[in-house]
Amino acid sequence: MRTTAAAAVLALGASLVGPLPMAAHAAPVTDYCQGRCSDILPPGQNGNATLAQILLNQIFGTQPEHAEDQLGPYANLAGGYQNLTDATIGTFFNDASFGVPSGQVASTISPRGDVTITRDKKTGVPHISGTTRYGTEFGAGYAAAQDRLWLMDLFRHVGRGQLTPFAGGAPANQGLEQEFWRAAPYTEADLQAQIDWIATQHGDRGRQALDDVNAYVDGINAYIAASDSGRYFPGEYVLTGHKDAITNAGTIERFKPTDLIALASVIGALFGTGGGGEVSNALSLLAAQQKYGVAEGTRVWESFRERNDPEAVLTVHEGESFPYAVRPENPQGRALPDAGSVTTEPLVHDRTGSAAGAKASAASKSATTAALSANTRGMSNALLVSGAHTASGHPIAVFGPQTGYFAPQLLMLQEIQGPGISARGASFAGLSMYVELGRGQDYAWSATTSAQDITDTYTVELCQDDVHYLYRGTCTAMEKLERTNSWKPTTADGTAAGSYRMQIHRTKYGPVTHRATVGGKKVAYVSLRSSYMHEADSVIGFQMLNDPAAVTDAASFQQAVQHINYTFNWFYADSRQAAYFNSGTNPVRAADVDPTFPVRAEPAYEWRGFDPAHNTADYTPASEHPQSVGQDYYVSWNNRQAKDYDAAGFGNGSVHRGNLLDDRVKKLVAAGGVTRAQLTKAMADAALTDLRGEDVLPDLLKVLRSGTISDPAVSAAVTKLSDWVAAGAKRKETSPGSHAYANADAVRIMDAWWPLLVRAEFEPGLGSELYAALTANLTVDEAPSAGHGPTGSHAGSSFQYGWWSYVDKDIRAVLGEPVQGGLARTYCGGGDLAACRDVLTGTLKQAAARTSAQVYPGDENCSAGDQWCADTIIHRTLGGIKHGKISWQNRPTYQQVVEFPAHR
């Protein structure tokens, strides 16, 4: 093995040969941020590595240049934010100014005569400058391939449901391709149709977008050709058997425009959709009605659903109402399943070899749950303060997407300057023909996932057999989509050979997700998403955001993001205004349809104007989307957008992680004179705070102290938890690098107590069946050490979904405190304070007795009992380069800190 590795190092260890430098710069632009724009994206800009570099990393731990140089500054904010000043922001963030100072130029190349790619010494970020539109976009594609070719290749295969033949049959790979192909199954004709739609239905901007895509793809393919002939292509192609390290035999498949649609389908499914889960909602409603009767069961269920909770934190908080997807007074067209009749539509068939093992089956089960859940793992946060409340008189923004942690990172940084384009920031690899989140000449923008309901479940009645259904009165055959995947062991993935066939039946209302009977008749439940077959329509909005002529102020920004069909909250700041707009193609539903539950697939209940040929419908006008200009401040952490704007899933009540931002920013605004450092500190402080400890534990302690605590173990636990609350309920190292938490015992007790507490508080009253159904709708906990989010454990993002609002409302009701929008019943101790106190005391004693090894059982990255390690962020390897752990922070992956002092 060592001999083979050495031969490979010698074969690919030559210097990286690239195109010769040439001069081709766009006209200089004025940077109105004047040094007050900063950003950071870990672990580093360079996401490509040759085989030699991969082997050196695996054997000696060395890192390719710019592969990990942003991980340290990003991680260090957790230990250094308390003393942050405007002058020291650069310690933890990079200068995001346009251009590269002459003394900081690391390299300059021109892959064509009309474009130059300049990289800076500090971060290696590409600054693309073109004299023609084609050349500019060609350069963007070339730079993207330089930094993320392997990742781009990986995800175009994920989007097509063909990851395992390309990268290996590891259970994680099986789960990934199954999750995304179930969410967005397409034929090649479907992918091409989406390209054609943009070109033919979006006028001049659509045609320009297609030209830009073609130029971008040409740039990618030019780099593939150059790196192949120069033998500096990513080493993963050798390790997965696509290239030979000695002879260079084998091919790297060239990109085509439809690959970008496949990529976009993955990103859209991860971060830009909302809704679904209607079958699960129906099952929990039926359980509630079985327990309490139809009327009372519905009332109980609705109280847990918290559709329009009056205590929920809102992004638009000045009282404006934006009704959408509200519950009708007399819902019509519901198609609730008969008891016990629901089965999930199987995706995987004909398993052979390693695909038939227990780990593969477990991966499939997790993928199915993720694909069919309404709880979108959107993440991301934003904090903005208007100029009326800042020290400078200009708006300040600290914002960014929380996209998980991958190696290489899903996002990449770039600056693009050319005809009609002037921007710097982050884009998803393979979709970086435009900057998607970043800054222009005198403005900056970012987004958080909003996840409003754009996905409905329709109920088609079967006819003839299980693969025919009634469509507007006619018995119609379902379309069968298939993928047959097989794999064999490679150097990168030693998973034994195996294969399976993925199969989806598609109707005119979307793919089948479940089977059931309704009123004794056989039906299929199908999923209709408004952005299905329109995965790349958002390109028009992104094109406009990059165009300095299209975005000149808050109003034109809002007009630009109206063209984005993904469900996002968009935020904007320039020197004069901060603004907000919620995007997404929100379908217009019949007035009496409740989108929370399955609906009969009949014309009376279809989306208004529904055209199945192109999956289009009538959409709510821009004026009905939550929006604002000049509000005193804005916060978003995937909380509700505005009054009467219904969230698609559960968990938007009185306690939400958005409160961690809202409480801090509200205090800053009340004091006035807010600075960039203060707003960044507010974000960083929230990023280390345990939501349960800050917003729920104080009331739990009130109940515990409502009587004498005679048990020494309980008394000691209460003291530790009280001290933790007084210290801010942080999950933070005693000092940077200590790898031990302050108040470690309290954190351990809280982690052990919460699931015990929730079950003991609610299950006796709800009954086991209803409790299980509701926990299927909304997980009980999402602490940092739990396995959740797009990367599983060690994902960073935490406290998005959990039962904290239910506990908060229930405990306050027991204490006799006022509760708006309370639960239909009181559960802790049946509503009796003394009995509730007994429940809390008993479960707390159990929790306090659990050892660290029991609470944190360990995994492949951490030994049992290592609390700090259990919480750590670990970049999930998607290639050959690995990175070290960093302490937990609940913050955006890519983050900007901006304050524009001037405007065009």
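Let's start with what covers the buried residues of helix H11: among the elements that do so are helix H12 (294-305), helix H21 (744-766) and helix H22 (768-777), together with strands S16 (455-463), S21 (510-518) and S22 (521-529). Keep in mind, as you look around, that this is a predicted model. The buried residues of H11 include Val279, Ala282, Leu285 and Ala288, and you will also find Glu278, Asn281 and Tyr292 among them. H11 itself runs over residues 278-292, and its 15 residues reach 21 Å from the first C-alpha to the last, close to the 21 Å expected at 1.5 Å a residue. After H11 comes Gly293, with a positive phi near 95°.

Now turn to a sheet. Ten strands form an open sheet with mixed pairing, in the order S3-S4-S5-S12-S13-S14-S15-S23-S24-S26. At its edges are S3 (105-112) and S26 (627-629), each of which pairs on one side only. From one strand to the next, the twist averages 20°. For a look at one pair, find S14 (residues 437-439) and S15 (residues 444-449), which pair in the antiparallel sense over two bridges. Arg439 has Ala444, in S15, as its bridge partner.

S15 also leads us to a cavity, as it is one of the elements that supply at least two residues each to the lining of the largest cavity. Strand S23 (568-573) and helix H14 (539-545) are also among these elements. How many residues does H10 give to this lining? H10 gives the most, with six residues. The largest cavity has a volume of about 420 Å³. Of the 32 residues lining it, the closest to its centre are Ala264, Leu431, Glu436, Phe542 and Tyr566. A search of the whole structure finds seven cavities of 30 Å³ or more.

Conventions
Residues are numbered from 1 along each chain as its sequence is written. This is a predicted model: local features need pLDDT of at least 70, side-chain atom pairs count only at pLDDT 80 or more; totals for chains, interfaces and linings use all residues. Side-chain values use heavy atoms; hydrogens and water are left out. Helices (H or I, at least four residues) and strands (E, at least two) are DSSP runs, numbered from the N terminus. The expected span of a helix is 1.5 Å times one less than its number of residues. Buried means under 20% relative accessible area, exposed over 50%, partly exposed in between (1.4 Å probe, protein chains only). Contact means heavy atoms within 4.5 Å. Two strands pair if DSSP finds at least two bridges between them. Axes are lines fitted to C-alpha atoms, for helices over the stretch in contact, and angles run from 0 to 180 degrees between N-to-C directions. On a 1 Å grid over the protein atoms alone, a cavity is a set of points where a 1.4 Å probe fits but cannot get out, and a pocket is an open set with protein on both sides within 12 Å along at least five of seven lines; lining residues have an atom within 4 Å of a point. Grid points are joined across faces, edges and corners, and a volume is the space filled by probe spheres set on the points.
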